[in-house]
Amino acid sequence: MSPEHLSTAVRDQRPAGYDADVIVVGAGPAGSTTAYHLARQGLDVLVLEKSTFPREKVCGDGLTPRAVKALIGMGIDTSSANGWARNSGLRIIGGGMKLEMPWPDLATFPDYGLTRTRKDFDELLATQAQAAGARLLQDTTVSGPVRHDRTGRIEGVVAQTKQADKTKGPEVTYRAPLVVAADGNSSRLGLASGRARREDRPMGVAVRTYFSSPFSDDEWLESHLELWDGDRLLPGYGWVFGLGDGRVNVGLGILDSSPAFGKVDYKALLSRWLERLGEEYEFTEPTEPIRGAALPMAFNRKPHYADGLLLVGDSAGMVNPFNGEGIAYAMESAEIAADVMSQALRRPTAYAREKALADYPRRLKAEYGGYYTLGRLFVKLIGHPEIMRLCAQRGLSHPLLMKVTMTLLSNLRDPRAGEPVDRLVNTLARVMPSS
Ligand SMILES: Cc1cc2nc3c(=O)[nH]c(=O)nc-3n(C[C@H](O)[C@H](O)[C@H](O)COP(=O)(O)OP(=O)(O)OC[C@H]3O[C@@H](n4cnc5c(N)ncnc54)[C@H](O)[C@@H]3O)c2cc1C
């Protein structure tokens with residue numbers, strides 16, 4: 001059956017008064033990926049985005065093979081002719097060592113990463129979702145959910161679109177049988193729907209800026225595992241990612257397991273860290289102001305599905321606690337959510353639809369739960385500077401330990417077959433309790 005026919009089948013079932021099959025709030029990577037996959041399934045998707053493209057988003061702009069796989073899954077051309085800068089792996093600096101580790105050669109993931117600024121990247125994904133049939137309303141800020149009078153189920157949102165003179169327009173209610181919160185780390189919609197941030201999950205903060213540098217064409221994503229502030233070692237890492245356009249993205253992220261968390265001026269910390277970097281980078285004046293944001297990790301907002309509302313990406317706390325990577329997990333959770341929703345919306349009864357939707361949190365748990373539990377332990381451990389230093393020194397000086405460290409940190413391994421190290425990490429992730 002063609003997507004159009006599938007769509008008609010769902011719309012025939014849709015009670016009157018709905019504006020779409022699914023409303024997606026936010027057109028970052030999570031929202032656009034959700035919308036793309038839903039639209040490809042023939043569903044009528046309305047995306048509400050508070051900003052207008054192109055727009056900035058604070059990020060390191062680094063994409064691992066996980067994210068590349070998700071991009072390919074959206075039919076995006078990842079060639080350099082299409083504006084991407086490719087990388088071959090990680091250059092890890094720490095414990096007095098410098099190692100270049102190529103991305104692993106796997107069946108499951110490609111063997112290259114990419115960089116691209118978010119100004120470009122997010123617009124590209126949103127355009128791809130529109131090309132698949134999703135409707136995008138920009139300059140439209142969602143203030144909260146709309147609930148069914150009797151059941152309390154979320155069946156829409158209240159939003160305001162800016163007028164031509166950029167003043168707020170009237171409040172408008174949009175209704176759909178399912179709503180997706182893809183509105184980023186502070187998730188106003190998640191919060192307004194009673195899903196507060198979990199304090200028992202790790203949190204990071206990251207700041208970044210841009211410089212012109214000969215490292216722009218570097219084929220490695222460079223990570224500095226030891227983050228010194230004076231004589232204090234902080235849990236986190238610094239990065240220099242080449243963008244292939246004459247600039248590099250430079251930044252650092254630190255974790256809340258540090259006593260310094262919340263007490264340091266992160267922008268000043270980045271400036272001090274930059275002073276320690278060698279002259280070979282040729283950094284002079286940053287081309288952009290230093291900006292930062294939070295990294296919500298290890299499922300820090302739950303439930304991922306309840307009462308008609310699904311959380312995806314940062315709003316679901318999907319950032320990997322091992323490395324601060326969020327884009328791949330935003331896109332993967334989005335694809336899972338879209339799959340679950342398209343199954344659910346084609347079921348004939350409310351009971352059967354709810355049964356299908358309940359699979360979303362279960363699939364997230366099965367896919368990431370054990371690994372994120374390991375990540376939470378890792379965050380606690382590296383909160384102790386001595387352990388962190390030991391990890392950097394020992395981990396980088398022993399080839400097998402290095403392989404285990406790389407596999408754990410990057411979360412790149414084959415789930416089936418695979419090398420012994422892949423099997424070890426798979427087993428660890430499987431036996432870890434997930435919550
Ligand atoms: C400094 C820094 C560096 C980082 N570096 C990397 C990196 O190199 N690689 C990586 O993979 N990850 C990195 N991350 C993490 C990554 O940026 C996030 O995980 C990713 O952006 C999550 O995507 P998302 O779509 O869930 O949320 P977002 O990208 O935050 O998108 C949310 C969207 O929702 C919109 N929105 C918000 N509220 C509303 C509302 N009320 N109504 C309508 N729309 C709304 C926003 O405008 C935005 O477009 C970094 C983060 C930071 C802070």
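A side-chain atom of Glu 49, a polar one, sits 2.6 Å from an oxygen atom of the ligand. Taken alone, the ligand would expose 1,000 Å², and the protein buries 93% of that. The structure is a predicted model, and every distance and angle here is computed from it.

Backbone atoms take part too. A polar backbone atom of Gly 60 lies 2.7 Å from a nitrogen atom of the ligand. Gly 326 also brings in its backbone, with an N or O atom placed 3.1 Å from a ligand nitrogen. So much for single contacts; the wider surroundings come next.

In total, 38 residues surround the ligand. Glu 49 turns up again here, listed among the closest along with Arg 55, Gly 60, Gly 62 and Asp 314. Sorted by class, the shell is made up of 18 nonpolar residues, 11 polar ones and nine charged ones.

Which helices and strands each supply at least two residues of that shell? On the helical side they are helix 2 (29-40) and helix 7 (327-345). The strands are strand 9 (140-147), strand 13 (203-212), strand 17 (236-242) and strand 19 (291-296). Strand 9 gives the largest share, which comes to three residues.

At the domain level, the ligand lies between domain 1 and domain 2, because both give residues to the shell around it. Domain 1 is pieced together from 3-57, 119-199 and 297-370, while domain 2 covers 87-114 and 202-296.

Strand 9 leads on to the sheets. Between strand 9 and strand 10 (residues 154-162), the antiparallel pairing runs over seven bridges. Within this part of the model, Thr 141 faces Gln 160 of strand 10.

Another open sheet has seven strands, in the order 6-5-14-17-18-13-19, and its pairing is mixed. Strand 6 (97-102) and strand 19 each have a single partner strand, so one side of each is left without a neighbour in the sheet. Neighbouring strands here are turned by 20 degrees against each other on average, direction ignored. Strand 13, strand 17 and strand 19, which belong to this sheet, are among the elements that each supply at least two shell residues. Elsewhere in the sheet, strand 5 (residues 89-94) runs parallel to strand 14 (residues 220-224), and five bridges join them. Ile 93 stands opposite His 224, a residue of strand 14.

Finally, a few spots in the loops deserve a look for their backbone geometry. Pro 303 is in the loop between strand 19 and strand 20 (305-306); its cis bond comes from Lys 302, with omega near 0 degrees. Ser 187 has a phi near 25 degrees, a positive value in a residue other than glycine. Ser 187 is found in the loop that runs between strand 12 (178-181) and helix 5 (188-192).

Note on methods:
Residues numbered from 1 in each chain as written. Predicted model: local features only at pLDDT ≥ 70, side-chain atom pairs only at ≥ 80, totals over all residues. Heavy atoms only, no water. Near = heavy atom within 4 Å. Polar contact = N/O pair within 3.5 Å; in protein donor to acceptor, adjacent residues only side chain to side chain. Areas by Shrake-Rupley, 256 points an atom, 1.4 Å probe, with all protein chains shown as cover. Helix = DSSP H or I, 4+ residues; strand = E, 2+ residues; numbered from the N terminus. Nonpolar A, V, L, I, M, F, W, Y, C, P; charged D, E, K, R; others polar. Domains from an automatic or database assignment. Pairing = 2+ DSSP bridges. Axes fitted to C-alpha atoms, helices over the stretch in contact; angles between N-to-C directions.
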